[in-house]
Amino acid sequence: MDRLKKYQTLLLFLFFTLILPFISISVAQATDILLFGFFAISFNILLGFTGILSFGHGLFFGLGAYGTGLFLKYVSVSPLSIAVGTILATIVAAIVAYFCTIRRGVYFAMITIAFNQLFYFIFFTWRDFTGGDDGLVGIRRFIIELPFLPAITLQDPLVRYYFFFMIVGISVFFIKRILESPFGLILQAVRENEERTMCLGYNVNSFRFASFLLSGLFSGIAGSLYCIHLRFVGVTVLHWMFSGEVIMMTILGGMHTFFGPFIGAVLFVFLRDLLSNFTMHWPLIIGLLFIILTLWLRRGVLGRLASYLELRGT
Amino acid sequence: MLLDVKDLHTFYEQSHVLQGVSLNAEKDEIVGLLGRNGVGKTTFLKSIIGFVKPKKGTILFKGQDITYLPSFVKARMGIGYVPEDRRLFPRLTTMENLRTAVVASGKKEGIDKCLQLFPDLKDLLDRRAGRLSGGEQEMLSIARALIGNKSLLLLDEPLTGLAPKIVKRLIESIKKLKETSSVILVEQNIRAALRIVDRVYVMKDGKIIFEGTPKQIHKNKEVQKSLVIER
């Protein structure tokens with residue numbers, strides 16, 4: 001019973017994402033929510049749990065997408081493409097982390113933006129390989145062949161959604177376990193007070209590096225799945241503005257809670273899809289709403305709810 | 001000798017804060033470092049723990065030169081530091097604050113020992129550290145620094161700004177620390193400090209002007225004047 005209580009929020013999340021295709025406007029919208037929500041949870045390993053604000057995290061999502069897309073297009077139509085995209089994102093995350101985790105504040109932020117824009121311009125100009133600003137097209141989806149079972153194609157949106165659900169579910173479980181472990185506790189200590197954490201005997205830079213790496217790895221998985229979802233990768237996923245969107249989702253939902261960023265993604269995608277039916281200036285309206293909600297709900301939607309429940313002793 | 005600091009010179013940019021400070025501490029001893037505001041007491045502690053790098057001088061801990069080692073290495077060697085603003089992890093609970101020290105030291109029984117020394121914390125384990133009172137935060141800060149068998153504790157003004165009742169309890173707890181650790185105590189509450197320490201150094205303008213026992217301070221009018229001890 002205690003174990004069930006320990007995992008109750010995770011089970012709630014899994015239940016919600018299980019029924020999401022049936023309560024969303026479309027399966028496509030549900031898939032967007034699932035993958036952006038997963039990206040936001042991954043990003044929050046760095047922001048909410050370690051206290052590090054990266055302005056270039058779209059880079060790892062984008063590299064996951066491009067790595068998978070390029071593999072599917074030029075090498076092999078195989079599930080291995082997910083591993084390729086993830087590994088590419090992780091390697092670059094390690095390189096970026098090496099340079100920026102020894103820096104603090106505005107210097108850290110500038111390095112993350114710089115790397116993000118560096119790769120944006122590489123993929124933008126390398127038209128012959130990446131498609132440039134036309135994007136990477138002609139990506140085929142692989143077939144999943146399991147022993148003693150019929151082959152599973154990912155053409156049907158609902159089948160595809162539950163394939164992604166399985167990977168996201170397992171990943172989110174691992175992220176939760178990591179953040180609830182002693183390692184996760186020290187990440188939070190780093191967030192609260194770096195000097196004090198050093199006084200306890202921790203090499204703070206090593207923990208910052210590890211957090212960055214983990215966040216980049218899982219962001220890469222999200223990007224990889226997004227490529228398979230759309231069969232297309234637009235170069236805008238590598239633009240710093242896309243990095244800004246995941247920051248918005250995370251803060252909106254509540255960066256000091258585990259599932260807050262996912263709630264932020266739900267709100268973001270829902271509002272985007274709703275407002276784009278009425279105006280092409282929907283980013284302006286979302287931006288204004290973000291300002292208002294941030295001023296009113298400083299801890300984010302889920303953070304505010306969690307505070308309220310804590311005050312009530314729940 | 002547990003700690004032997006020789007001729008320490010520390011600068012903040014062009015400002016020469018520590019001007020040849022020497023101090024030592026033996027095992028199981030409480031050494032006081034007293035002086036008015038701004039004389040360099042906190043800078044001295046920060047130089048030992050490594051938050052500020054000295055420009056000249058040596059710091060020997062258990063015979064090993066630790067002058068330029070990183071802070072986390074010094075902490076692992078057995079030096080605990082409790083800063084004047086306590087610097088707890090405010091969003092973590094009392095228990096989680098203690099657990100961060102356990103992860104580093106690997107000594108789970110350390111929490112039980114701390115709770116014996118500070119029994120008031122037992123009822124506060126689920127409360128966020130940012131919501132504790134000043135005295136409770138100070139107890140938690142010291143308790144956390146103790147976990148992991150620290151042989152030397154650096155306490156920066158642990159009694160400042162606390163109610164007299166809490167000060168009295170903390171004084172008793174600090175005296176008990178001697179059983180397991182040596183302590184360098186920086187304090188502005190001179191009367192309280194002189195009740196606890198075995199030996200005392202007095203600083204003025206970045207230099208040590210007195211080294212001796214609390215009794216000797218009471219006989220030295222010049223030193224009393226620099227400390228503004230009221231009769």
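Colleague: Which residue is the bridge partner of D156(B) in β8(B)?

Modeller: The bridge partner is V186(B). Please keep in mind throughout that this is a predicted model.

Colleague: In what sense do β7(B) and β8(B) pair, and over how many bridges?

Modeller: They pair in the parallel sense, over five bridges.

Colleague: And what does β3 of chain B pair with?

Modeller: Strand β3, residues 30-34 of chain B, pairs with β8, residues 182-187 of chain B, in the parallel sense and over five bridges. Within β8(B), V183(B) is the bridge partner of I30(B), and L185(B) is that of G32(B).

Colleague: Are the residues of β8(B) buried or exposed?

Modeller: Buried: six of its six residues fall in that class, and the strand is mostly covered. On one side there are S182(B), I184(B) and V186(B), and on the other V183(B), L185(B) and E187(B), so both faces are covered by the criterion of 20 or more other C-beta atoms within 10 Å. In general, side chains of a regular strand alternate between the two faces of the sheet.

Colleague: What is L185(B) in contact with, apart from its neighbours within four places in sequence?

Modeller: L185(B) is in contact with I30(B), V31(B), G32(B) and L33(B), and also with L155(B), A193(B), I196(B) and V197(B). L185(B) and L154(B) are the residues with the most contacts inside the largest nonpolar core, which has 160 residues.

Colleague: Which helix gives the most to that core?

Modeller: Helix α11 of chain A, residues 204-230, gives the most, with 13 residues. As general background, nonpolar side chains tend to be buried together in soluble globular proteins.

Colleague: Back to the sheet. What is the strand order?

Modeller: Six strands of chain B form an open sheet in the order β6-β7-β8-β3-β9-β10, and the pairing is mixed. The edges are β6 (79-82) and β10 (207-212) of chain B; each has a single partner strand, so one side of each is left without a neighbour in the sheet. From one strand to the next, the twist averages 15°.

Colleague: How many bridges join β6(B) to β7(B)?

Modeller: Four bridges join them, and the two strands run parallel. In β7(B), L154(B) is the bridge partner of Y81(B).

Colleague: β6(B) again: which residues point which way, and are they buried or exposed?

Modeller: I79(B) and Y81(B) point one way from β6(B), G80(B) and V82(B) point the other way, and all are buried.

Colleague: What lies across β6 and β7 of chain B?

Modeller: Helix α5 of chain B, residues 134-146, lies across β6 and β7 (152-156) and runs at about 170° to β6(B).

Colleague: A change of topic: backbone angles. What is the phi of D7(B)?

Modeller: The phi of D7(B) is positive, at about 50°, although D7(B) is not a glycine. D7(B) lies in strand β1 of chain B, residues 3-12. D7(B) counts as partly exposed because it has 13 C-beta neighbours inside 10 Å.

Colleague: And what about phi for D205(B)?

Modeller: Phi of D205(B) is near 50°, which is again a positive value in a residue other than glycine. D205(B) lies in the loop between β9 (199-204) and β10 of chain B. With 14 C-beta neighbours inside 10 Å, D205(B) counts as partly exposed.

Colleague: Now chain A. How many helices and strands does chain A have?

Modeller: Chain A has 15 helices and zero strands. The C-alpha trace of chain A spans about 50 × 50 × 40 Å along its principal axes. A compact globule of 314 residues would have a radius of gyration near 20 Å, and the 19 Å of chain A agrees with that.

Colleague: What percentage of chain A is buried?

Modeller: Buried residues make up 47% of the 314 residues in chain A. Of the contacts in chain A between residues at least 6 apart in sequence, 75% join residues at least 24 apart.

Colleague: Finally, how many residues of chain A are in contact with chain B?

Modeller: There are 16 residues of chain A in contact with 18 residues of chain B. On the chain A side, α9 (182-192) and α10 (194-199) each supply at least two residues, and α9(A) gives the most, with six residues. The residues of that side divide into eight nonpolar, five polar and three charged.

Definitions and conventions: Residues numbered from 1 in each chain as written. Chains lettered and ligands numbered in written order. Predicted model: local features only at pLDDT ≥ 70, side-chain atom pairs only at ≥ 80, totals over all residues. Rg over C-alpha atoms; globule rule 2.2 N^0.38 Å. Buried ≥ 20, exposed ≤ 12 C-beta atoms within 10 Å, placed from the backbone. Contact = placed C-beta atoms within 7 Å. Nonpolar A, V, L, I, M, F, W, Y, C, P; charged D, E, K, R; others polar. Pairing = 2+ DSSP bridges. Axes fitted to C-alpha atoms, helices over the stretch in contact; angles between N-to-C directions. Core = buried A, V, L, I, M, F, W, Y, C linked by C-beta atoms within 7 Å.
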